[in-house]
Amino acid sequence: MALPETMLAIDPEAPGGPEVLVPVSRPVPTPGRGEVLVKVAAAGVNRPEVMQRKGQYPPPPGAPSILGMEIAGKVVAVGEDVPREMLGTPVCALIAGGAYAEYAVAPYGQCLPVPPAITMIEAAAIPETLFTVWSNVFERAYATEGEWILVHGGTSGIGTMAIHLANLFGLKIIVTAGSDDKCEAARRIGADHAINYKTEDFVARVMEITAGKGVNIVLDMVGGDYVPRNLQCLAEEGRHVSIAVQRGMQATIPIFEIMRKRLVLTGSTLRPRSVEFKSLLADELHRIVWPFVAEGRLKPVIDAVFPLADAAGAHARMESGEHVGKIVLTVE
């Protein structure tokens with residue numbers, strides 16, 4: 001098919017509030033070796049994109065300045081070393097940038113097929129949270145069936161995906177959220193317990209729920225003063241995994257407590273990782289998790305859908321903190 005030379009994209013010239021997210025004309029990208037060009041049907045909205053818009057999280061070297069890290073759509077062109085049979089295939093993908101656009105380039109190895117069981121909107125809401133939760137909870141923290149996990153931000157995109165995966169793989173999950181309504185929403189989604197961190201001491205509640213033993217894993221996107229409190233929640237041999245630092249990059253931790261309980265402190269950032277790493281991760285997800293997607297047993301929680309032209313509204317919704325699940329942009 002003949003492709004246009006230009007496309008609409010969200011590529012702000014300078015940092016600012018949501019109002020800087022206005023559609024502009026940009027050249028349609030060309031896929032390189034090992035890449036595909038996707039006609040974007042939908043794009044997920046994520047917290048790092050809000051930070052990038054504010055000038056707080058620059059894209060990694062080589063990534064486009066166009067916002068967005070996850071897409072769903074159909075492959076319309078392929079680069080070298082990509083089978084031509086991919087043309088016309090519906091895929092979703094985690095990318096380093098460029099998702100808020102009519103066309104986006106994705107590494108072939110980071111693409112996952114979109115099965116009939118899910119919509120393009122649902123497919124666009126999966127990659128970033130699935131890659132993040134799987135790599136941190138099941139790889140770095142080596143979660144196993146029957147273990148307890150504490151997840152902060154239980155109604156966020158990450159939190160809701162963690163709830164789904166915990167249920168599919170036999171973990172018992174406690175989440176925190178900022179209101180009684182959000183706690184109820186988390187329980188409806190599948191959390192075993194939800195703690196309102198504004199009205200309850202989550203450390204005391206975790207110990208009460210686990211009969212004084214603590215949880216095996218903490219997935220933390222808060223950082224700062226939450227870290228020492230998280231360590232109090234951990235059982236012996238517990239694993240603390242940091243994936244964001246919303247309340248600060250520094251923490252004071254009790255070293256002897258880590259020694260006494262034989263705790264593991266780890267963490268990761270996904271966006272700067274290599275294509276090779278993300279491709280291996282995608283392959284693992286395709287083998288282990290994707291059958292649940294194909295069966296319709298794993299679907300993201302969708303909070304709101306906005307057209308690409310209203311990316312500002314989508315970011316405002318995310319910054320309000322009122323969302324439950326994922327926010328998605330649709331591209332006509």
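How far is the sulfur of C92 from the closest cysteine sulfur? Let's zoom in on this predicted model and find out.

**View 1. C92 and its closest cysteine partner, C111.** The gap between the sulfur of C92 and the one in C111 is 8.1 Å, which is too far for a bond. A disulfide needs the two sulfur atoms within 2.5 Å. C92 itself is buried, with a relative accessible area of 0%.

View 2. Search the whole structure and you get 0 disulfides. As a reminder, a disulfide is a covalent bond between the sulfur atoms of two cysteines.

**View 3. F202 and Y226, a tilted aromatic pair.** The count for this model comes to 5 aromatic pairs. In the pair shown here, F202 and Y226 sit 5.1 Å apart centre to centre, with 35° between the planes. They link distant parts of the chain: F202 is in helix α6 (residues 202-209) and Y226 is in helix α7 (residues 226-233), 24 residues apart. F202 is buried, with a relative accessible area of 0%, and Y226 is buried at 5%.

**View 4. Arginines over ring faces.** Y226 turns up again, this time with R229 lying over its face, 5.3 Å from the ring centre. Over at F277, R273 lies over the face of the ring, at 3.6 Å from the ring centre.

**View 5. A cluster of rings.** Look for W134, F138, F169 and F292, which ring pairs link into a cluster.

Conventions. Residues numbered from 1 in each chain as written. Predicted model: local features only at pLDDT ≥ 70, side-chain atom pairs only at ≥ 80, totals over all residues. Heavy atoms only, no water. Buried < 20%, exposed > 50% of the residue type's maximum accessible area, 1.4 Å probe, protein only. Phe/Tyr/Trp six-rings, centres within 6.5 Å; stacked < 30°, edge-to-face > 60°. Helix = DSSP H or I, 4+ residues; strand = E, 2+ residues; numbered from the N terminus. Lys NZ or Arg CZ within 6 Å of the ring centre and 35° of its normal.
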